[in-house]
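Colleague: Could you take me through one part of this model up close? I'd like to hear how one stretch is built and what it sits against, in plain words.

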Amino acid sequence: MRNLPKINANYWLALVAASIFGTNSGDFVARYLHAGHLAGLPWMALLFGAILVIERSARHGSALYFWAAIITMRTAATNVADAFQDFGISYSVSILIVLTCFAASVLLYSRVAANSANEGTIRVNSAYWLAMMLAGILGTIAGDFASFRVGLTPPGAACVFGGLIAASVWWFGRKGSLLDPVPYWATVALIRTGGTAAGDASAQVLRLPLSTAFTGLVFVGLVIYLYAFQSTNRAGPRVAPT
C-alpha cells in the first residue's frame, strides 16, 4: 500500500479498536449472517482485494484504506480461528500450528522488508498481510484459550493482555525498537489476543448484535477522526509493493 498510517500512540489505539471490533464482526458474520466460519471467507477475500486495488488507483490517497483492509482481515481471521474448533482441533495443537506459522511469517517479513522503516511507518506488502492474518488467527485462539480454558474470563484476559500491550509499547518504544519486525509483530499479536477477550467481554454484556454495532461505531469514528482530520497521523504516500 502507498498511503500508510504513522505508527504512534494513535496507531496502536486504532489497532486495538480494530481488534475488538473484528472479534465481534467475525462472530456476527458467522452467526447472524449465517455465513459460518468458512463460507464467508471468499467474499471477505474479494472485499480485501478490492480495497487494495481501489487504494492503488485512487487519485487522493488516504490511510483509511489501510484501516478498511485491516478490519476486513481481522474479521476473516476471527472466523478462521474459530473453524479450528469446528474441526475438533484442541487448543494445544491449534496454538502450536498457528504460532509456528506466525513465527515463520515474521521471519519472512523481516527478510523482505529489512531496514524498510521510513517516516514513522513500516512497509506494507504481501508478507505484511500474511503476518497480520496469522497474528489475527493466533490472537483469537490465544484469547479464547486464556478466557475459557485458563479461566481468566474475557474481562480478566482483556485486563491482563491490556497491561502487556501497554508494557510492550512503552518498553520497545523507549528503546526505539518498536518498528523492528520482532517487537512490532509481538505487540500486534498481544493486541489481537487482548482484543479477542475484550470483544467477547463486550458481547457478553451487550449481546453480540449491539456489541458489534457499538465497537464498530467506536472503530469507524476513531479512524475517521484520526486519519481524515488529523494529518499528523498520516505517514504520507509511499511507493511499495502491496
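Modeller: Let's start at Thr153, which is partly exposed, because its relative accessible area is 38%, and that falls between the 20% cut-off for buried and the 50% one for exposed. Bear in mind that this is a predicted model. Thr153 belongs to helix α6, which covers residues 153-175. Its backbone is worth a look too: phi of Thr153 is near 70°, a positive value in a residue other than glycine.

Now follow α6 along. The buried residues in α6 are Pro154, Ala157, Ala158, Phe161, Ile165 and Ser168. As for spacing, an α-helix has 3.6 residues a turn, so residues three or four places apart point the same way. What do the buried residues of α6 pack against? Their partners are α5 (126-149) and α7. Just after α6 comes Gly176, with a positive phi of about 75°.

Go on to the loop between α7 (181-206) and α8 (208-228), and you find Arg207 there. Here again phi is positive in a residue other than glycine, near 75° for Arg207. Arg207 counts as exposed, because its relative accessibility is 64% and the cut-off for exposed is over 50%.

Back to α5, one of the partners of α6. Two packed helices are described by the angle between their axes and the distance between the axes. For α5 and helix α4 (residues 91-112), the axes come within 9 Å and cross at roughly 150°. The two helices are therefore roughly antiparallel to each other, since angles over 145 degrees count that way. The crossing of α4 past α5 is left-handed. The contact residues of this pair divide into 19 nonpolar, 2 polar and 2 charged. On the α4 side they include Ile95, Val98, Leu99, Phe102 and Tyr109, and on the α5 side Leu130, Leu134, Leu138, Ile141 and Phe145 are among them. Asp144 and Arg149 of α5 also take part in the contact.

The residues in the contact of α1 with α8 divide into 15 nonpolar, 7 polar and 2 charged.

Methods: Residues numbered from 1 in each chain as written. Predicted model: local features only at pLDDT ≥ 70, side-chain atom pairs only at ≥ 80, totals over all residues. Heavy atoms only, no water. Helix = DSSP H or I, 4+ residues; strand = E, 2+ residues; numbered from the N terminus. Buried < 20%, exposed > 50% of the residue type's maximum accessible area, 1.4 Å probe, protein only. Nonpolar A, V, L, I, M, F, W, Y, C, P; charged D, E, K, R; others polar. Contact = heavy atoms within 4.5 Å. Axes fitted to C-alpha atoms, helices over the stretch in contact; angles between N-to-C directions. Parallel < 35°, antiparallel > 145°, perpendicular 65-115°, else oblique. Left-handed = near helix turned anticlockwise from the far one by under 90°.
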